[in-house]
Amino acid sequence: MDRPFRSRGQLSSRAPSFTFHSSNEKLRMSSAQYEPLALEAGEDDERFIYHKYNGPLHRSRRHLLALLTRYAIGGATLVVLVWVASFVVPNSWLPKLIGPNEEFVDGVDIEFCAQPPTNAAWNEALDKARSHLKDWTLEDKVNLATGVGWQNGPCVGNIPAIEKRGWKGLCLQDSPLGVRMTDGISAFPAGINVAATFNRKLMRARGAAMAHEFRGKGAHVFLGPMMNLARAPDAGRNWEGSGPDPYLTGEASYETIVGMQAIGVQACAKHFLNNEQEWARTTSSSNNRELYIHPFLRSVQAGVVSVMCSYNQLNGTYTCEHDGLLQTVLKHELGFKGYVMSDWQATMSTHSAQEGLDMSMPGDIKFFSGDSYFGKNLTKYIMDGKMPQSRLDDMATRILGAWYLMGQDKDFPEVNFESFHKNTPTDKHVDVQGDHYKLVREIGAKSTVLLKNKNDALPFKTPRSIALIGQDAGPARRGPNGIKNREGIDGVLGMGWGSGCPLEAIQARARQAASNSSISWFLEDNDLEGAKASVAGRDVAIVFIAADSGEERFHDDGSTIGDRHNLTAFLGGDVLVQAVASVHSNVIVVVHTVGPIIVEPWVSHANVTALVWAGLPGQEAGNSLADVLWGDVNPSGRLPYTIAKNEGDYSARVNWGNGTMIIYSKFLTKKARLNVDYRHFDANKIEPRFAFGFGLSYTTFKYSDLEIDTVGTESGLQATAWRKGLVKDGKEFGAHVAPWLHEPHVRVSFKLENNGSLAGTEIPQLYLSMPSSTHSPPNILRGFDAVPLAPGEARTIIMALSRYDLSIWDVRQQGWVLPPGAIGVRVGSSSRDFKLGGDIRLYK
């Protein structure tokens, strides 16, 4: 056995996969992680880099031992010993876990209970599917793969029932933050807000809660999560996902999928691949696999049962008929066992079935066209000998296998809503909200990012009078659904293309704090003189501004077509803030937005005392904001993207040119293409206004005592070759998710202390700095956690890095290798604020 490597330092390192908190209050292992790294000069677009999946540490046996230790003895030292010992504990010691048809019990930790499906579970489900399909005709199997057409069923996507085969069909339904196109449902915080929590437990809880509502409506497939990267900050659907960082996006996707599928609802990872903007989204873009495939790899590790291919082309071929992408990368290299569906109207030919597409959605070639590339055309294609029936058998097996894996063959509710034909007898108006408003409110508050707090303007100390300025502070004037498809701003912005009311919540909370409090409001954005007059004599002026975007086929009043044309606040928001700040000395700005906006016109104004970045918090926007303003919740949200000082500082923007989707147009080198968001700012030494991962708290934290150790042995030919910079068995099925690659190999520990006067949650972040010879970005996120601490409380945090985290992709060997030289480890509170640092030297 090699002598363990140890390093101590004062700069900080960032750890992914799992975390131990040495505290009697909580001991938790956070879920697995992986992320992209670097590349060498001359490497081509087909090269990838994955990083961080510590799935083995998320196994139930580790949790079991951790909990036993917590309740039996506790203490950081013993926790470490138990963690090491857990690798020899047999799986037979495992407790019974929650199955797909069982509900979580009150007080049961979702992160402990929900687990990805095992290989054995997958194999059993696929065997059931094969057995079920034995008597099916060719036409039956084709029907299983062909949607019934747009608006020809109750859901946005429908696979027909085949009663004689015991098959009841599938309901596939949007959306990114709840069940779309029906009533009696919750509007959850958007994906970008969930990412801003940097809290895996909340990510998973949201997935489970949304799944309960989908299941309650009888919807089998949740068309999400979306995991395209927000490389262009103005791209319209960025808010549906988790931002520009592959690691954070991968973790949010993983947790959402595990939480959702634990309730027996199929998740769908989308959009595979490179659907990075809305304008001209059906045209071509280049591939950079070390960035964009990571969240999908993580989704496969979560056990996702379906993947949606995207509209765009990849190196000249539509993704939904791209054999190399669907068959080689997804189904072979990543070992995906589920089915691939097309995005709506993204099936481009019948031969796409031969290339890896398993299901055509919504079924017709164009909406209402009445024809299909699948259906009768696919039947004829097979009968003419152009595709073997074995490929159709594979398609049907994957679809039916997913159904069995989720337990949807037993006791799954019937579809009880109508997306397109409201108030018909089949629309039962079933209310599935339960008490999910509590979770919505919690995530809304914990995703709120405090970016400025001059002279401790927040939390409020019972101000006597408050003025609320801006239409974003109030209710929708046209009612909650007054704008079709939420295509614009009317009232508070709770979701992309959305509306939702801080006014009432702030009124209620202010009167709870002081019965003689006075709340006034002025909800006009364009009447600057009226706004200035309204704040006279008030203790505090809160100005609300917003920026919106959405999907390409939906439009607002003409200023935005999906993607944003600029990164400024809508409706003259900058001018509104400046006007109020010119006459009032205590202005708090609240921003509801789909992504970054430029705040330079007013952020440094002496009278702007606080900046609260609320994002898209969902239906409880007002209550979650009030929780933060009064300090009922100490803000722990962190930016999931960089806020620049100038629009031109970003590495890429939406291309509005000749219809070619080239979001990499500013880059001439492959090295630069890795530098998304904060990586670009770091590599080019650009000072951001607010860095990725940044956020203030009402308390302060101290980092100390960094230690870095290797764990385990170099057993196995693959691991031995890896340490020498060589690849063995890199082309095997599922090679990129092989256990040896994702086992913990380096342990990073540090002490985290709340040295302030209030309880709060810190978000420690771990970044790696690869050797300069790899031409990697300067710093790459490899881990994070949400650590609650009481005043004066300290915890030892232990995180692990796998070989995968420490690797780069070698294009010549087509595999993951350890780069020669020292790998820097940085731990801190943002991508620009490292508290501790050390390095790792493993190469032989």
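Analyst: Buried means under 20% relative accessible area, exposed means over 50%, and partly exposed is in between, with a 1.4 Å probe and protein chains only. This is a predicted model, in which local features need pLDDT of at least 70, side-chain atom pairs count only at pLDDT 80 or more, and totals for chains, interfaces and linings use all residues. Residues are numbered from 1 along each chain as its sequence is written, and side-chain values use heavy atoms, with hydrogens and water left out.

User: Is His592 buried or exposed, and why?

Analyst: His592 counts as buried because its relative accessible area is 0%. His592 belongs to strand β16 (residues 587-593); helices (H or I, at least four residues) and strands (E, at least two) are DSSP runs, numbered from the N terminus.

User: What does the side chain of His592 join in a polar contact?

Analyst: A polar contact is a pair of N or O atoms within 3.5 Å; within protein, one must be able to donate a hydrogen and the other to accept it, and residues adjacent in sequence count only if both atoms are side-chain atoms. Here the side chains of His592 and Asp472 are joined at 2.5 Å. With contact taken as heavy atoms within 4.5 Å, and neighbours within four places in sequence left aside, His592 also touches residues including Val492, Phe544, Ala614 and Pro617.

User: How should I read a helix such as α7?

Analyst: An α-helix has 3.6 residues a turn, so residues three or four places apart point the same way. The expected span of a helix is 1.5 Å times one less than its number of residues. For α7 (residues 200-216), with 17 residues, that gives 24 Å, and the end C-alpha atoms are 24 Å apart, which agrees. Of the 17 residues in α7, 14 are buried. At the start of α7, a side-chain oxygen of Asn199 comes to within 3.0 Å of the backbone nitrogen of Lys201. Just after α7, Gly218 has a positive phi of about 85°.

User: How many residues are in the largest nonpolar core?

Analyst: A nonpolar core is a set of buried Ala, Val, Leu, Ile, Met, Phe, Trp, Tyr and Cys residues joined through side-chain atoms within 4.5 Å. The largest one here has 187 residues, and Leu172, Met341, Trp344, Leu378, Trp613 and Leu806 have the most contacts inside it. Helix α14 (residues 389-405) gives the most to this core, with 9 residues. A second, separate core has 29 residues, among them Leu458, Phe460, Ile519 and Trp630.

User: How many aromatic pairs does the structure hold?

Analyst: A pair of aromatic rings is described by the distance of the centres and the angle of the planes. Rings of Phe, Tyr and Trp (its six-membered ring) pair if their centres lie within 6.5 Å; planes under 30 degrees apart count as stacked, over 60 as edge-to-face and the rest as tilted. The structure holds 17 such pairs. Phe198 and Phe692 are edge-to-face, at 6.2 Å centre to centre and 70° between the planes. Phe198 counts as buried because its relative accessibility is 1%, and Phe692 does so at 0%. Tyr247 and Phe784 are also edge-to-face, with 5.9 Å between centres and 85° between planes.

User: Which ring does the charged end of Arg298 sit over?

Analyst: A charge sits over a ring if NZ of Lys or CZ of Arg is within 6 Å of the ring centre and within 35 degrees of the ring normal. Arg298 sits over the ring of Tyr254, 3.6 Å from its centre. Arg803 lies over the face of Trp722, at 5.8 Å from the ring centre.
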